[in-house]
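Got a protein on screen and wondering where all the labels come from? Let's take them one at a time.

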Amino acid sequence: MERAYEFKYALEFAHQAVENEKMKEDKILILDFMLDVIKEDLKYDFLTNIFYREEYFDRGIRIPPPFPYSYYDETEKKISIFERKIGIKNVDLAKECVLVFPWHRGRMRESIKNIGSNEFRYDKYNHKAFYFSPVNICFIYNGKHSITAGVGFKKGCIEAPEYDVTGLFKHVYTDGVYWYNSHNNQKFEDELLDFRIGIIYELSKLKYQIEKGLE
């Protein structure tokens, strides 16, 4: 429940800023600041798990993507988030919010030595990821250890198919623990991967509404 409170307080901060600030630019500035800081916190927290936990801590465990695969609109039509592909995103490992979960100590050591002494080389057959806009999160599902080294050394780029998740905004919300259908408040089967992803999602939704004049 502690995470739910942290989610609640972060959203309170954001909504107070939106209510009290008169200028649209100031509202966006504050939301962008929060988004940038929380993404940095999230990125390195996931990446450093391998140092703080027992060996093989995540072997065989499925890490769900940061957002629900699909959702239901007001007519109960099921829609996949992968229907809204924008194109191919060139992801700069030094600058973007890259969520990666290294888990094998030996592979991690080899990747640190390799990338630390050489340039990062993108391998389209090994480095696999999704990029989600406009929340600007890159989720890695293959090539985790070399990409982790690239992020740590701030080297290199990868390519990832880019998907627009604004379709979720009207139909899905989160309380920092679960995802819910906005039309009937039913919980989604998959839990939220991390409460900070929930904050990023809700702040991105709020920013989108301000930019579109929907608040």
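Q: Before we start, what kind of model is this?
A: It's a predicted model. The protein chain comes to 7 helices and 10 strands.

Q: How do you know which contacts join residues at least 24 apart in sequence?
A: A contact means heavy atoms within 4.5 Å, and then you check the distance along the sequence. Among contacts between residues at least 6 apart, 73% join residues at least 24 apart.

Q: Why is N90 called partly exposed?
A: Buried means under 20% relative accessible area and exposed means over 50%. N90 has 49%, so it lands in between and is called partly exposed. You'll find N90 in strand β3, residues 85-92. Leaving aside its neighbours within four places in sequence, N90 is in contact with C157, I158 and E159.

Q: What makes α5 a mostly covered helix?
A: In helix α5 (residues 144-153), 8 of the 10 residues are buried, and the helix is described as mostly covered. Among those buried residues are K144, H145, I147 and V151. They pack against α2, β4, α4 (105-117), β6 and β7 (157-164).

Q: Which phi value does N185 have, and where is N185 placed?
A: N185 isn't a glycine either, and its phi is positive, about 60 degrees. Its place is the loop between β9 (178-181) and β10 (187-191). At 48% relative accessibility, N185 counts as partly exposed.

Q: How do you know that the peptide bond from S133 to P134 is cis?
A: Look at omega: for this bond it is near 0 degrees, and the bond is cis. For background, most peptide bonds are trans. P134 lies in the loop between β5 and β6.

Q: What makes a group of residues a nonpolar core?
A: The members must be buried nonpolar residues joined through side-chain atoms within 4.5 Å. The largest such core here has 40 residues, and F67, F132, L168, I199 and L203 touch the most other members. Helix α7 gives the largest share, 8 residues. Another core, of 20 residues, lies apart from it and includes V91, A149, V151 and A160. As a general pattern, nonpolar side chains in soluble globular proteins tend to be buried together.

Q: Which residues is F132 in contact with?
A: Leaving aside its neighbours within four places in sequence, F132 is in contact with P66, F67, I81, F82, I137, F139, Y163 and V165.

Q: How many positive and negative side chains are there?
A: The protein chain has 32 positive and 35 negative side chains. The centres of the two sets lie 5 Å apart.

Technical notes
Residues numbered from 1 in each chain as written. Predicted model: local features only at pLDDT ≥ 70, side-chain atom pairs only at ≥ 80, totals over all residues. Heavy atoms only, no water. Helix = DSSP H or I, 4+ residues; strand = E, 2+ residues; numbered from the N terminus. Lys, Arg positive; Asp, Glu negative; His and termini not counted. Charge placed at Lys NZ, Arg CZ, Asp CG, Glu CD. Buried < 20%, exposed > 50% of the residue type's maximum accessible area, 1.4 Å probe, protein only.
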